[in-house]
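Follow the charged side chains through the structure shown here.

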Amino acid sequence: NKQYFFLKPDGTRLSGESFDYAGDFQEGFARVRKNNQYFFLKPDGTRLSEESFDGAGDFHEGFALVEKNGKCFFLKPDGTRLFEETFNNAWDFQEGFACVRKNNQCFFLKPDGTRLSEESFDYAGDFQEGFACVRKNNQCFFLKPDGTRLSEESYDLAGDFQEGFALVEKNDQEFKINTKGERVNNLTNN
């Protein structure tokens, strides 16, 4: 079994502890695993908190997504929970919002624990370039950071915005839309 540890710039070990897994320092903390439990190390080699987790992601946009006993929640840099609510699934904060799933519905949370809007979705992607692709009742559309729709238009399929455009499909026609929700071009005509 491989064991990992951290070295300081002078070549000495950061701490006497070894780990089954050790990730890079992200936003000031390193995610490590020992005896199938994850926790975080601070730059001085001490633990962020005494709590350990069944699963953990790196700190991203100020928070770490962790999982314990089948429930997901977020940690703050002081080692406490961002908010008490737990979720069936969750994704990292992206552009200021975290997509979470609870009771088979997705919604977005702000760092203060409030919801972006009261609306829930069957599927929701991360915010990319200021918009999130969501699906409800088999129709895709885009949300803005204020919780409103980009436009009243909905699509059969939709991808994330990249370089100012999103590829969408409606009635067997693929086309791109811009950040105003306007059709830019047709890619196929059936």
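Glu163 sits in the loop between β13 (157-158) and β14 (165-170), where strands (E, at least two residues) are DSSP runs numbered from the N terminus. Its relative accessibility is 73%, so Glu163 counts as exposed; exposed means over 50% relative accessible area, buried under 20%, and partly exposed in between (1.4 Å probe, protein chains only). The model is predicted: local features need pLDDT of at least 70, side-chain atom pairs count only at pLDDT 80 or more, and totals for chains, interfaces and linings use all residues. Residues are numbered from 1 along each chain as its sequence is written, and side-chain values use heavy atoms, with hydrogens and water left out.

Salt bridges come next. A salt bridge is a side-chain nitrogen of Lys or Arg within 4 Å of a carboxyl oxygen of Asp or Glu, and by this rule the count is 8. In one of them, Glu153 pairs with Lys170, with the closest N and O atoms 2.5 Å apart. Glu153 lies in the loop between β12 (139-143) and β13, and Lys170 in strand β14, so the bridge ties together parts 17 residues apart in sequence. Glu153 is partly exposed at 33%, as is Lys170 at 24%.

Definitions and conventions
Helix = DSSP H or I, 4+ residues; strand = E, 2+ residues; numbered from the N terminus.
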